[in-house]
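Please look at the sequence and the structure shown below, and keep both at hand while reading this report.

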Amino acid sequence: MTTPEPPGCPVAHGGSLPGGLPVGVPLTPLYGPAVAEDPHGLYARLRERYGPVAPIELEPGVEAWLVLGYAELLELTRNEALFSKDSRRWRVPAEGRLAADSRLQPMTSWRPTLLNLDGAEHQRLRAAVADTLAQIDHRQLRGTTEAAANGLIDSWGPDGTADLVAQYARRLPLLVFTQLLGLPTDAGPHLIRLINDISDSGADSVRANQEFHAILVDLVQRRRATPSADLTSWLLAHPAALTDEEAVHHLVVMMVAGNETTICWTGNTLRLLLTDRRFRATLTGGRLTVSDALEEVLWRDPPTQNFPGRWATSDTVLGGQYISRGDLLVLGLAAANADPAAQGVSAATHGSLGGNRAHLAWGAGRHVCPAQHPARIIVETAVETLLHRLPDLQLAVPPGELTWRPSPWSRALTALPVLYSAFTPPRPPAPERPAWTPPTPEPAPSPSDSTPSAATSTARTPDSARPAPRSWWNSLAGWWSGR
C-alpha cells in the first residue's frame with residue numbers, strides 16, 4: 001500500500017521549482033495589499049489550505065515557506081542543526097535569482113552579527129548584547145522616556161489634534177536610544193534622518209547608510225578611548241572582546257531593530273486603547289493595566305508579524321511539507337500566535353490575552369529577542385504618559401479608516417489621528433529624600449523659621465508644572481515633521 005504524499009511533496013506534483021518548492025503549488029504573495037489590509041485573514045486562508053507550513057512568494061520569482069503553526073515555529077527556532085540563521089545557505093541568491101536592488105536585501109543579507117550566526121559564535125555575541133542591555137538602569141530609563149514623551153506632547157499645537165504615529169510613536173524611541181548609546185546630542189536629529197532614509201530604501205539610502213556607519217565608527221573609537229556609562233562603552237568592555245567592527249554592527253542592530261519594533265508596539269497599543277471599547281473600559285475601570293494592553297497587542301498585532309528567517313541545512317519535513325536544502329523559512333509570528341491549537345478558538349477570537357505571555361512575538365529558542373525588557377519599559381511609559389497628559393484622548397476618524405504600511409515584516413500604522421481637549425501638566429519630579437538620621441533634641445522652631453514642604457496641594461498650571469526645557473528635546477521635536 002502506498003502512503004499518500006503530503007501536500008507540497010515533489011513526487012506528488014512531478015518535480016520541483018529551482019527554489020525547491022513543488023511544481024503545481026501556487027505561491028501566495030506575502031506582499032501587496034493583502035498583507036496590509038487583512039493579514040489575519042491571509043494567514044487563516046493559508047492555514048486552511050496548506051496546514052501549519054505554507055508556500056509563499058516574497059517577491060516575483062522568489063519563493064519561501066511561511067511557518068504558521070505554533071508548535072512548528074517552536075521546532076523551527078529550537079533546531080539549529082536543521083534550520084540555520086546563516087543566510088549564506090539560501091539557494092535563491094546562490095542561483096543568481098535575487099536582484100541586487102531587491103527589497104529583500106536589507107532583511108536577508110548576511111552580516112557578522114548575532115542575527116546571522118549559530119552555535120558558539122552566536123552565543124558569544126548574544127552574551128555581549130544581552131549583558132550590555134542588562135546594565136540599563138530601569139528607573140532611569142523610565143525617567144528618560146517620560147521626559148522625552150512630555151517634551152513631544154508639549155511641542156504640539158493648541159488646536160487639540162495630533163498624529164500619534166508621526167508626532168509621537170515614531171519620534172520617541174530614538175530620543176531615548178541616542179542617550180542610551182552615548183551619542184552626542186547635536187548628532188541626534190541628523191542620525192534620525194539617516195535612519196529614515198535607510199529604512200525608506202530610496203535614492204538616498206546608500207549615502208545615508210555610509211554616513212550612519214561613519215557616525216557609529218566614530219562613536220566606537222571615542223568610547224574605546226574614553227569609556228562612559230552608556231551602552232556603547234559597556235559593549236566594548238564586555239569579556240566577549242568585540243572588535244570595533246563587531247561593535248558597530250551590533251549598535252546598528254540595537255538601534256534599527258529596536259527602534260522599529262518600539263515604534264510599532266507603541267502605535268498598535270494606542271490603537272487598541274482607542275478602538276476597543278471593551279479594553280478601554282476595563283483599563284479605566286482598573287480591571288486591566290497598560291501592561292495588559294501591551295501583552296494583548298503582542299498576541300494580536302505584534303510589531304514584527306513575520307521575520308526571515310531560517311535556512312534549511314538539509315532536506316527535511318516540517319508541518320507535513322517537504323523542505324529542500326537551502327530553502328528559506330519565514331517565521332510567521334502573528335500567524336503562530338493565532339494558531340487555534342495554541343490558544344483555543346474562543347480565546348483567539350473573543351477573550352483577553354493580556355495576562356498570558358506565551359506568545360511568540362519575541363521569537364523563541366536561542367535567538368529570542370534580548371531587548372524585550374527595555375522595550376517594554378519604553379512603550380509602557382510612552383503609553384502611560386500620554387494617557388496621563390491627555391485623559392480625554394479619542395480617535396479623530398472611524399476605526400475602519402486607519403491604514404497600515406504595506407510591509408510583510410512590520411505591523412505598523414501609517415497614521416493615528418486623534419483629538420483631545422484636556423491638557424494635564426506633566427507630573428512634578430519626586431523630591432529628593434535625604435537619608436534618615438535620628439532627631440536631636442532642640443527647641444521647636446518658630447513659624448517664620450520653618451521650611452515649607454516641597455509638596456503642595458495648590459493646583460499647578462501647565463507652565464509652572466513643566467520642567468525646565470531641554471534644548472535638544474525641543475529642537476528635535478520641532479525639527480521632525482514625520483517620516
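## A strand and its partners

In strand 9, Val330 is the bridge partner of Leu66, and Val330 is also the bridge partner of Pro308. Strand 3 (residues 62–67) pairs with strand 9 in the parallel sense over three bridges, whereas strand 6 (residues 307–312) runs antiparallel to strand 9 and is joined to it by four bridges. Strands count as paired if DSSP finds at least two bridges between them, and strands (E, at least two residues) and helices (H or I, at least four) are DSSP runs, numbered from the N terminus.

This is a predicted model, in which local features need pLDDT of at least 70 and side-chain atom pairs count only at pLDDT 80 or more, while totals for chains, interfaces and linings use all residues. Residues are numbered from 1 along each chain as its sequence is written, and side-chain values use heavy atoms, with hydrogens and water left out.

## The two faces of strand 9

In a regular strand the side chains alternate between the two faces of the sheet. In strand 9 (residues 328–331), Leu328 and Val330 lie on one side and Leu329 and Leu331 on the other, and all are buried (under 20% relative accessible area, with a 1.4 Å probe and protein chains only; exposed is over 50%, and partly exposed is in between).
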